[in-house]
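Here are my comments on the model you sent, as numbered points.

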Amino acid sequence: MSEPLHWVEIDHGALAHNVRALRQILGGAELWAVIKAQAYGHGPVETARTVLNAGASGLIVAVVDEAVELRAAGVDAPILVLTPPLPDQLDAYAVHDLIAAVADDATARALAAAGARRGRPIPVHLKVDTGMGRLGVLPEQAVALVEAWHDLEGLQLAGIFTHMAAADEEDLTSAREQLARFGAVLSALDRRGLRPPVVHAANSAGAIVLPESRYTMARVGVALYGIAPSPVVAARAAQLGLELRPALAFRARIVATRRLPAGWPISYGSTYVTPTETTVATLPVGYADGLSRSLSHKMYALVRGHKRPIIGRICMNHCMVDVGDLPVRPGDVVTLLGADGGGAITAEDWALALGTIPYEIVCMVGSRNPRRHLLSATTAAS
Ligand SMILES: Cc1ncc(COP(=O)(O)O)c(C=O)c1O
């Protein structure tokens, strides 16, 4: 096998640093690492190992198959599955010792039956919808469910949680309203002596900007990967002295360099014409590899540490970069995302150009390219 032509590089030193830095601001709350969607493109099994070694207390995935993949790889940490189980998935929770997120009585009872059959209660966290409008029981129905479940054989009501829709915004009114609704449920449970031991509400944004959302644990996703959820949260992180280090870089090897005359059209539709004689490098990366066609005419690559424009339309498997008079050769490595020399192109830069959020960028690029894991320095002090 030859060397790959393009790849994402995962810096595990950065992942470990981010876990340690985030734990410092969390105080006594545990950090649970959200590693759904291929660990936001960073590779779930390798990421799991690094974040657990660096101090994460548990793992969080979106769907049960992701948890099964981690167990098959030998990961034995606690795993919370965010999507409530469907009937055909119940046994997997018992077999693989998973924590279920549940918000309805029928599912809880079916899980309890599965737990009882195996002689091992299945831990569940009750999901309360305080204003995200996606999953969960409404706040006024939560107490009744806890009362109904707390002594159910085969079920262990281990936790209760909610998810904030807008903790990453300038205006935190709605996030605080959600926390107030959640707080009212917790108070009602306290009056009955029924509060489950584990309580959580914070995502990355909540963990950073809303100390009152931290409860006993925070579900940290994007910040683990060195990305702030939004510019407002980035500013707050800076005030707190929290330095997040991006962990993913996207690199490719030049496959051709050509000296082209002024006036030469580049790529489909000839939307770009060289203004002067220049060297054009062709990269073996296109929209099939996550370099969205909508980045055409808007993005740069780092060539020997210099920002050089991607010119013409991005093709399915190729793109062209105007490298000017830089001395480059086929085989040289170019950076599409990440740091190189003194320069850096961030997931935020791509997101801005594409009108999306950096979450989508790392998922898109990280899941479509071979991964190289840089494992050295994961244990170095940060
Ligand atoms: C329920 C839940 N909790 C936590 C997270 C992590 O969010 P973030 O990546 O913003 O930290 C997510 C991510 O989508 C989520 O769906």
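1. Basis. The model is predicted, so local features need pLDDT of at least 70 and side-chain atom pairs count only at pLDDT 80 or more, while totals for chains, interfaces and linings use all residues. Residues are numbered from 1 along each chain as its sequence is written.

2. The crossing of α3 and α4 is right-handed. A crossing is right-handed if the near helix is turned clockwise from the far one by less than a right angle, and left-handed if anticlockwise. Helices (H or I, at least four residues) and strands (E, at least two) are DSSP runs, numbered from the N terminus. The contact is made by P44, V45 and A48 on the α3 side and by E66, E69 and L70 on the α4 side; two residues are in contact if their C-beta atoms, placed from the backbone, lie within 7 Å. By class, the residues of this contact divide into four nonpolar, no polar and two charged. Ala, Val, Leu, Ile, Met, Phe, Trp, Tyr, Cys and Pro count as nonpolar, Asp, Glu, Lys and Arg as charged, and the others, Gly among them, as polar.

3. Geometry of that pair. Helix α3 covers residues 44-53 and helix α4 residues 64-72; they pack at an angle of about 70°, with their axes 10 Å apart. That makes α3 roughly perpendicular to α4. Axes are lines fitted to C-alpha atoms, for helices over the stretch in contact, and angles run from 0 to 180 degrees between N-to-C directions. Angles under 35 degrees count as roughly parallel, over 145 as roughly antiparallel, 65 to 115 as roughly perpendicular and the rest as oblique.

4. α1 against α3. Helix α1 (residues 12-26) packs on α3 at an angle of about 45°, with the axes 8 Å apart. The two are therefore oblique to each other, and their crossing is right-handed. From α1, H12, L15, A16 and V19 meet T47, T50, V51 and N53 of α3. This contact divides into four nonpolar, four polar and no charged residues.

5. α1 itself. Its 15 residues, at 1.5 Å a residue, should span 21 Å, and the end C-alpha atoms are 21 Å apart, which agrees; the expected span is 1.5 Å times one less than the number of residues. The buried residues of α1 are H12, A14, L15, A16, H17, N18, V19, A21 and L22. A residue is buried if 20 or more other C-beta atoms lie within 10 Å of its own, exposed if 12 or fewer, and partly exposed in between, with C-beta atoms placed from the backbone. Those buried residues pack against β1 (6-11), β2 (30-34), α3, α9 (204-209), β9 (217-220) and β20 (371-374). Just after α1, G27 takes a positive phi of about 65°.

6. A223. Which residues does A223 touch, leaving out those up to four places away in sequence? They are N18, L22, S204, I208, A228 and L244. A223 sits in the loop between β9 and α10 (231-240) and counts as buried, with 27 C-beta neighbours inside 10 Å. The C-alpha atoms of A223 and P246 are 8.8 Å apart, although 23 residues separate the two along the chain.

7. α11 and α12. These helices pack at an angle of about 105°, with their axes 8 Å apart. That makes α11 roughly perpendicular to α12. A347, E348, W350 and A351 of α11 form the contact with P358, I361 and V362 of α12. By class, it has six nonpolar, no polar and one charged residues. The buried residues of α12 (residues 358-366) are P358, I361, V362, M364, V365 and G366. Their cover includes β1, α2 (36-40), β10 (248-253), β18 (333-340) and α11 (347-354).

8. Backbone points to check. A39 has a positive phi of about 55° although it is not a glycine. A39 is in helix α2 and counts as buried, with 32 C-beta neighbours inside 10 Å. Y215, also not a glycine, has a positive phi of about 40°. Y215 lies in the loop between α9 and β9 and is buried, with 22 other C-beta atoms within 10 Å.

9. Whole chain. The chain has twelve helices and 20 strands, and 46% of its 382 residues count as buried. Its C-alpha atoms fill a box of roughly 80 × 45 × 45 Å along the principal axes. Among contacts between residues at least 6 apart in sequence, 66% join residues at least 24 apart.
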